[in-house]
Amino acid sequence: MPQRARQVKAPLAQGYLVVDSKKCDGCCSCMLACSLVHEGKENFSLARIQVIMNPYGHYPNGIDVLQCRQCVYAVCLQVCPTGALHTDAENGNVRVIDEEKCLGLQCMKCIDTCPYLPSRIIWNHERNVAMKCDLCISTPYWNENGGLDGKQACIEVCPMEALRLVRKVPKQLDAVGYDVNLRGEGWPSDKT
Amino acid sequence: MTGGYTGKILRLNLTDHATTIIRTSDYEEYGGGIGIGTAIFWDLVQDKSIDAFDPRNVITMMSSPLSGTLTPGACGRTEVNGIGPQAYPIGWFTRGNMGGRFSSQMKFAGWDGIVIEGKSDSPVWVRIVNDEVTFEDASDLWGLDTFTTQEKIWIEANNGQKYGKWIQIGLERGGARTTARPAVVCIGPIGEVKCRIASLIHDAGCAVGQGGFGAVFGAKNLKAISVVGTGSINVAHPQALIEARIWMKKHFGLSPEASYKKEYMPGMISWTQPPGTDPTTEGFRAANLGVAFLAPESSGGVACLGCSRCCRPRLASGEGNQSNCVDYGFYKEWATERFGRYTHDFNRAVDLPQRYGINVYSVRRGIDWLWCLNQRGICGHGKEIDTDLPFNLIGEAKFLEILFDKIVNGKDIGLDLRDGFVRAAEKWGRLEEDWRTGLLMFPYWGYPEHGLDVRTEVLWGYSTIVGDRDMNEHGFNYAFFFYPMQFEDYTDSSKLPITAQEMVEICAEKLIPFEGDPLMLDMSTKNQYSEHLAKLTAWQRYYSRFWLQGIQYCDFGWPNFVNVLGPNKRGLTPEGEVKFFNAVTGKNITFADGMKIGRKVWNIQNAIWTLQGRHRDMLRFAPYIYDLDLDLGNGPRGAHERLIGWGGLFSTYPQPVFEDGQWSFKNVFGRKIDRAKFEEWKTIYYKLEGWDTSTGWPKRSTLERLGLGFVADELERKRKLGRELN
């Protein structure tokens with residue numbers, strides 16, 4: 001029987017993945033890298049960052065990069081009945097999931113209550129557990145140190161340099177704080 | 001099963017709407033893509049001499065073991081094989097390839113490929129969601145353009161769930177989900193009427209253009225295939241794969257914000273290219289940015305799945321999205337001339353051939369030809385070729401729309417054009433003359449000139465004529481032509497960041513299994529009928545049949561011979577191809593191993609062409625290639641008054657030559673192909689391949705050495721086996 005949801009006062013995460021969807025070219029290498037280093041195989045459905053493309057979209061729309069926001073008010077933390085979804089104090093309070101404690105199909109509350117579409121908590125239908133971006137703290141298939149002081153596979157492979165790890169808490173309203181301008185001086189200026 | 005493969009190939013029988021499974025392991029020795037496609041075709045098509053529109057024609061749509069993996073250039077491409085109706089005089093067994101994401105979704109769904117055979121009684125589309133495959137009624141899609149078709153299927157294929165959230169696959173809670181739209185390949189109205197130059201279209205800007213496979217889909221009453229998957233692709237060595245990707249970025253890559261330098265060109269080396277415009281980089285970026293290069297609207301870039309190159313645009317208007325290179329170049333000059341400047345009408349013109357599903361290469365040279373005939377009073381209202389085509393509107397989208405509608409409706413000259421421009425010329429009694437004068441720039445197998453001329457860039461011509469279609473492989477083209485032509489005085493090596501000698505030395509050491517023969521790269525007139533050029537042609541054919549079209553490394557990035565960012569200007573080839581392949585599959589092959597498989601596939605294909613009726617006497621270019629110089633003011637340029645389109649951009653044609661003991665880039669405009677010497681070259685080439693020099697047919701000894709005794713048996717049964725003594 002799932003335990004009742006606990007009210008969790010979560011300390012702020014000390015790192016956030018931000019993107020520039022104008023810079024992104026939709027190659028989805030971030031998704032491939034994420035699935036590869038965490039699961040050891042390629043599977044879009046198991047990538048903890050999702051890129052949704054509409055080939056007929058109107059720029060800057062048509063490509064949405066959807067990553068976990070490491071929310072200040074993380075509903076997923078609060079609804080997890082087992083504490084599987086918790087802040088990792090040793091790794092800058094990144095919100096992570098202890099899969100051994102995850103109730104999987106019996107619960108799925110974190111997935112259902114994530115306020116963003118698509119849910120940033122990923123359902124692993126192969127292993128029957130919830131997963132989320134851990135900023136590469138645990139990458140069984142990549143011999144690199146991840147987390148706040150290490151590397152993130154998505155950032156490392158992104159050809160457009162359209163992903164970055166920042167320390168400052170992004171604005172929490174809508175997507176504005178997480179979809180930012182990462183274009184440098186070498187980037188062609190917008191025509192309009 | 002080795003990493004990279006899903007283990008299953010889906011076999012669709014359209015005649016009785018049935019599906020069966022082919023084990024990938026039965027064909028794994030051929031690699032993937034064109035290798036597996038060719039081998040399956042060989043096994044399933046008992047009579048190889050059938051017409052492209054025969055229901056027994058088998059079309060394969062294959063992935064590679066690297067599809068859907070983090071391999072730049074190879075992740076998203078799909079190879080299509082089968083008998084195509086475009087080639088003249090015989091629709092050869094042929095190939096086409098497209099980028100995008102179709103093959104990846106196919107593998108996520110659990111399929112290494114799709115084999116299509118038979119013919120449906122009525123229009124259908126095929127819905128694939130993981131291992132669930134259904135044949136759906138396409139009567140409401142028939143007649144729709146390709147973009148509308150895809151948008152409708154995106155809704156129908158997922159039972160009306162909206163995108164932007166997780167799409168549940170199946171009804172059960174806890175089942176698989178995806179955020180992706182299904183990957184759809186489909187035909188437009190041009191394919192439905194079996195026009196021989198019809199394309200397959202996927203997303204926007206992704207097309208299997210050459211070959212005419214859109215017409216084969218039409219003949220089979222197959223409107224579209226939709227696939228989406230939620231499964232996993234096993235990777236043998238995940239650590240090695242991500243390391244390879246980062247290694248490539250670190251040692252050979254370019255920041256998207258780096259300023260362009262001309263020496264980046266050879267091998268299309270850049271890790272990526274920024275979208276947007278910069279007048280200093282026109283030569284490099286225009287081909288990649290398409291309409292975004294011209295349009296005064298905001299734009300960003302698009303890449304095929306998993307690729308490190310961002311070579312296609314997305315635009316604020318959404319029109320012209322993902323179209324680059326010939327997708328927009330086919331009409332750029334006409335549009336510019338018509339309006340005197342860029343107008344948004346051009347975006348629409350770029351989308352139209354894709355919406356209708358027609359091959360822009362043919363359209364480009366076809367319009368050039370019709371215009372020339374119009375100027376000469378031969379084609380037009382009340383003329384010998386009677387048409388009410390509004391030639392005064394060439395350059396506008398409206399002209400294309402009228403032309404395509406005529407083909408679709410079979411009205412006016414449209415009915416004849418359903419057979420393509422070369423067959424229309426034959427029907428109109430113009431083929432001989434217009435091939436002689438060069439007005440009809442379709443120099444090989446009825447395919448349009450690519451913009452890269454046979455007489456100057458002979459490897460392009462040789463590779464095409466010993467094969468089945470416009471080669472469309474740019475490895476040497478980037479290094480030897482596009483790179484030097486950026487420099488005003490490319491003949492002075494001291495002014496080049498990469499000299500001709502450096503270029504040749506680096507390339508020559510990478511030409512396994514013919515490495516160490518730099519004269520293979522001597523494009524001088526005196527060397528162009530030599531065994532060296534035969535070896536280079538063979539290298540190109542083997543490389544393409546395994547690494548390019550088998551493993552499906554994108555031609556826009558591979559081979560990567562020279563790279564100024566790499567160690568000592570050395571590019572990724574041959575180390576890169578192998579590194580990614582072995583990481584994914586867990587095999588331990590060498591580059592040379594891959595080339596051997598490529599040779600094997602190439603030999604099966606020559607056997608198929610032989611069974612289709614090929615003989616060495618048929619390997620001839622159009623007469624103007626032999627009889628007219630390619631030079632400004634002469635030959636086809638003179639005949640056309642003004643060469644419209646891609647080729648019109650080139651006022652010089654550099655190639656590397658070895659003269660007086662030195663390498664240099666030299667302008668080779670002004671030469672033609674010598675008939676007699678080319679015939680002698682064919683003999684040299686056939687000897688090198690181990691084929692009968694009198695017929696071009698494969699010999700048993702050669703086939704058996706390659707492990708293809710079963711091919712020799714079939715040829716012998718059909719009395720088509722080459723003689724050993726020749």
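User: How many residue pairs are in polar contact between chain A and chain B?
Analyst: This is a predicted model, in which local features need pLDDT of at least 70, side-chain atom pairs count only at pLDDT 80 or more, and totals for chains, interfaces and linings use all residues. Residues are numbered from 1 along each chain as its sequence is written. A polar contact is a pair of N or O atoms within 3.5 Å, where within protein one must be able to donate a hydrogen and the other to accept it, and residues adjacent in sequence count only if both atoms are side-chain atoms. With both residues at pLDDT 80 or more, the count between the two chains is 30 residue pairs.

User: Which residue of chain A forms a salt bridge with B:R173?
Analyst: A salt bridge requires a side-chain nitrogen of Lys or Arg within 4 Å of a carboxyl oxygen of Asp or Glu, and the rule finds one across the interface of chain A and chain B. The closest N and O atoms are 2.7 Å apart, and the partner of B:R173 is A:D112.

User: How many residues of chain B are in contact with chain A?
Analyst: Contact means heavy atoms within 4.5 Å. On the side of chain A, 67 residues take part, and in chain B the number is 73.

User: What area do chain A and chain B bury between them?
Analyst: Buried area is the accessible area (1.4 Å probe) that two parts lose on being put together, summed over both. Carbon and sulfur atoms carry 56% of the buried area, whose total is about 5,200 Å².

How values were computed:
Chains are lettered from A and ligands numbered from 1 in the order in which they are written. Side-chain values use heavy atoms; hydrogens and water are left out.
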